[in-house]
Amino acid sequence: MSEERFGEFVLVRRHADGHVAELALDRPKAMNAVSTAMARSVSAACAALGEDREVRVVVLTSTHERAFCVGADLKERNSFSDADLLRQRPVTRGAYTAVLELPVPTVAAVHGFALGGGFELALSCDVIVADRTAVVGLPEVSVGVIPGGGGTQLLPRRVGAARAAELVFTARRVAAGEARELGLVDQLVEEGRDREEALELASRMAANSPVGLRAAKRALRLGQGLDLRAGLEVEDAAWRSVAFSGDRAEGVAAFNEKRAPRWPGE
């Protein structure tokens, strides 16, 4: 396993053959509160991972024992003027967008608090694995703002408009069991197992065609919100991008030869 640091607060670990990358939030003294510097580091790490053709799946984790991420750094923001806050906005928004727009499958491993921007980082991933200590929520209206990292758009896509409205308007925190029942998280695992289970899931994903994974994610994301006919056109375009690839030829050959595929990744 190799490690690379992006700024002070983000650590990227590449596992095994490098096909699974772990983006670890590493600001333990602040429970991974998203400061301006941390937001820049998340964006930089995502840019590097998105360009690396060896990376097939990214797992978003936390090094803090009791928290995934508690959201925006309100201590930093308390010192801001209105002009400072306005200048920070594209930086912090860019971090959430960078996770959301990673071109490969993404899995969030959540334990402890995942609140506000912290939960939005998880919502920006394709799959959320949570352990039984997880507490999630979007409490922004309780401090006079709204979810600004994608929460008002990503949450209703997961749980429906009315459920999302109730959760946002009440600002309530949701414990792991209810979060799983409501669809706020996708898999519920034993305490302390979120990272291991997420990495195992990522390894199973990464065994598949890198060309296929990227195209499937593109079709899933671009097709959201479209009517069926338009969505099927998105799917067809994604299919055409892989149908004549080296990965498709290798996948068919490996199936017929009853062996594991050796993906060329092109």
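R14 is buried, with a relative accessible area of 17% (buried means under 20% relative accessible area, exposed over 50% and partly exposed in between, using a 1.4 Å probe and protein chains only). This is a predicted model, in which local features need pLDDT of at least 70 and side-chain atom pairs count only at pLDDT 80 or more, while totals for chains, interfaces and linings use all residues. Residues are numbered from 1 along each chain as its sequence is written, and side-chain values use heavy atoms, leaving out hydrogens and water.

**R14 and its surroundings**

- R14 belongs to strand β2, residues 10–15 (strands are DSSP runs of E with at least two residues, helices are runs of H or I with at least four, and both are numbered from the N terminus).
- Leaving aside residues up to four places away in sequence, R14 touches M1, S2, E4, V20, A21, L49, D52 and V55 (contact means heavy atoms within 4.5 Å).
- With D52, the side chain of R14 forms a salt bridge of 2.5 Å, N to O (a side-chain nitrogen of Lys or Arg within 4 Å of a carboxyl oxygen of Asp or Glu).
- That pair links distant parts of the chain, since R14 is in β2 and D52 is in the loop between α1 (36–51) and β4 (57–62), 38 residues apart.

- β2 is mostly covered, with six of its six residues buried.
- V10, V12 and R14 point one way from β2, while L11, R13 and H15 point the other way.
- β1 and β2 run antiparallel and are joined by five bridges (two strands pair if DSSP finds at least two bridges between them).
- F6 has V10 of β2 as its bridge partner.
- The hairpin of β1 and β2 has three residues between the strands, and G7 in the turn has a positive phi of about 65°.
- On to strand β3 (residues 20–25): six bridges join β2 to β3, and the two run antiparallel.
- V12 stands opposite L23 in β3.
- Four residues lie between the strands in the hairpin of β2 and β3, where A16 takes a positive phi near 50°.

- Side chains of opposite charge can pair when their charged atoms come close.
- The whole structure holds 19 salt bridges.
- One of them joins the side chains of E3 and R13 at 3.4 Å, N to O.
- E3 sits in strand β1 (residues 2–6) and R13 in strand β2, ten residues apart.
- R13 counts as buried at 15% relative accessibility.
- A network of salt bridges links E3, R13, E22 and R195.
- D126 and K217 meet through their side chains in a salt bridge of 3.0 Å, N to O.
- D126 lies in the loop between α4 (117–123) and β8 (127–131) and K217 in helix α9 (residues 210–223), so this pair ties together parts that are 91 residues apart in sequence.
- D126 is partly exposed at 30% relative accessibility, whereas K217 is buried with a relative accessible area of 6%.

**A four-stranded sheet**

- An open sheet with mixed pairing has four strands in the order β5-β7-β9-β10.
- β5 (67–69) and β10 (174–175) stand at the edges with a single partner strand each, so one side of each is left without a neighbour in the sheet.
- β9 (residues 135–137) pairs with β10 in the antiparallel sense over two bridges.
- V136 stands opposite V174 in β10.

**Helix α8**

- In α8, the buried residues are D194, A198, L199, L201, A202, M205 and A206.
- Seen down the axis of α8, these buried residues fall within an arc of 160°, so they line one face of the helix (the arc is that of the directions from the helix axis to the C-beta atoms).
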